[in-house]
Amino acid sequence: MSYKQKVKKLWNDRDNQKNYFKWLMIYSKPYMGQILLLMSIKLAGIFASIYMAILSQKAIDAATADNASIVAPLVGYVVLMLALQASVVIYSLINTMLNEKYGFGIRKQVYDKILDSVWMETQKYHTGDLMTRMTSDAGIIADGVITVIPGIVSLLIELVAVFGTLFAYSHFLAVSALFMAPFAVVLSFFLGRIMKRLQIKVQESETAYRSFIQESLANILIVKSFANEKMFSDELSRLREERFGWIWKKSKVSLGSSAVIGIAFQLGYILAFAYGVIQISKGEITYGTMTVFLTLFNRVMSPVVELASQLPKVVSILASAGRVMELQNLEEEKRTGTGNVDNSVGVDVTDMSFGYNRDIVIENSTFNIKPGQFVAIVGESGIGKTTLIRILLGFVNINSGSISYYDRDSNTTNINADVRKFISYVPQGNTLFSGTIKRNLLMGKINASEEEIQKALEVADCLEFINEMPDGLDTIIGEKGMGLSEGQAQRIAIARALIRKSPFIIFDEATSALDENTELNVINNLKDMTPRPTCLFITHRRSVLKYCDRQFRIENRCITEEAVNDKNI
Ligand SMILES: Nc1ncnc2c1ncn2[C@@H]1O[C@H](COP(=O)(O)OP(=O)(O)OP(=O)(O)O)[C@@H](O)[C@H]1O
Ligand SMILES: [Mg+2]
């Protein structure tokens, strides 16, 4: 079974918490060697410190005896102490490196998954939510698998080892040191349940907080133009308070339990101390044995206390694992190749229906666009023009009917995600990335030559304004094309699409910000291209219609052809 199939199977039975853990194990397999190395270093440290306690007993007993040398135990103690310090440094370095590598592994897997998934599926999540899952949840999982879970295993081993050693010295002390253990186990079981609920709340409030910041910064002009600064600032404070409220509750629960266990621990320590003093006064044990008692007693209790605080963390790790696993099960786009459709491309749509969820947007529509035709698509706002483009680009799956692309040599391909290889798209609105203008253009074709760049700029009527910029193509533009006029950004977006020399180009209101002359230039340039690309123009503008060979109208969920320019739009 492949990794994907395994994850899917586990996700289908997601009510079973064990499956989250199983996924962590499957995902962590490649890192197991390094995780085990980390655990070995930690365990070596634990055994070294137990032996140091024994050496200190030997040194004290040697000092109080007449003719024994304290040099050997002391030298041993110092050597072990140095080795212990070195192991702490090495552990930390490997831990940092592994944590980063593991966390990035999850982030990359989720990022790639989002890129490869059906667009509609990913749209169900706010980008702030996706970001939280990729950063915060991935971080919690990485910390959990690299530090917390191996830590718990080491603590259990430490507990057994120290208990064994202490038992060899005194059965009574060893057992009394553990009298807290059942209490800690019961407490952490109940804590685990409370912590799971709190952890989900913490992550949800984190998502709301991040989404709010991201969205308001991206739309800062709207916030300012409606004079909403104070409202947004207050809302951020409210979201922070909500988030803090949950974090605070979670901290109180875990600190409260630590305090209870801590007090019980101190009481146990006093018990051991009193017992040791009485034994010394009776002359039944040496000072060295007393030292080892107290040191080891501490070392039995501290893993118990630690375990009580670490075990509930496993719940947080599983909650985050569930949130990441959910994204790993997004439906992937179907890719069946392009069937070698190239040159001039047309599209044949038969009886096609589509709706988002249950609301049908387009019903039983049939049309055929021939290679090289210029087609206008008109219709009132919200009627389904952009939706038709999403359908033709394979971003959404149609409910019924068929769509196939074909070329002049009768090669055909049914709609699938790969058709985007031969379709260029100029979307509605500003869709440039921050960086240089050239970088934006190269997104159309990564290895475009200077000549190809110049040609695309010429057709999109960009040459003049880019040449006027001091840095030309290397001019840096901000997020969403900041620094350019809307018409300039639109023309660069057109050039970005043209540079691919696709046989099929879709323009979604792509000339809306251009003046009539510039628009005329761009469309005429497109007409002169050889071979002439098939062009779909979604438009509200009459000027564009003049240049189109055909005109389709979307009305009452149907796509019907009408005589060019015969109706007002
Ligand atoms: N992601 C979506 N999920 C659910 N419904 C959607 C989604 N996108 C659009 N719609 C709905 O589909 C219908 C068609 O929207 P579409 O964006 O295709 O309109 P349009 O013709 O492009 O409008 P405009 O001219 O204003 O751009 C609308 O009723 C809209 O509410
Ligand atoms: Mg639209």
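Me: At what angle do helix α2 and helix α11 pack, and how far apart are their axes?
Reply: This is a predicted model, where local features need pLDDT of at least 70, side-chain atom pairs count only at pLDDT 80 or more, and totals for chains, interfaces and linings use all residues. Residues are numbered from 1 along each chain as its sequence is written, and chains are lettered from A and ligands numbered from 1 in the order in which they are written. Helix α2 (residues 17–28) and helix α11 (residues 287–328) pack at about 75°, with axes 9 Å apart. That makes α2 roughly perpendicular to α11 (65 to 115 degrees). Helices are DSSP runs of H or I, at least four residues.

Me: Which residues of α2 and α11 meet?
Reply: Gln17, Tyr20, Phe21, Trp23 and Leu24 in α2 meet Leu318, Ala321, Gly322 and Met325 in α11. Contact requires C-beta atoms, placed from the backbone, within 7 Å.

Me: Now the ligand. What surrounds ligand 1?
Reply: The residues around ligand 1 are Gln123, Tyr356, Val361, Gly379, Ser381, Gly382, Ile383, Gly384, Lys385, Thr386 and Thr387. Each has its C-beta atom, placed from the backbone, within 6 Å of the ligand.

Me: Which helix gives the most to that shell?
Reply: Helix α12 (residues 385–392), with 3 residues.

Me: Switching to Ile50: buried or exposed?
Reply: Ile50 is buried, because there are 20 C-beta neighbours inside 10 Å (buried means 20 or more, exposed 12 or fewer). Ile50 sits in helix α3 (residues 32–64).

Me: What does Ile50 touch beyond four places in sequence?
Reply: Ile50 is in contact with Ala161, Val162 and Thr165.

Key
Helices (H or I, at least four residues) and strands (E, at least two) are DSSP runs, numbered from the N terminus. Two residues are in contact if their C-beta atoms, placed from the backbone, lie within 7 Å. Axes are lines fitted to C-alpha atoms, for helices over the stretch in contact, and angles run from 0 to 180 degrees between N-to-C directions. Angles under 35 degrees count as roughly parallel, over 145 as roughly antiparallel, 65 to 115 as roughly perpendicular and the rest as oblique.
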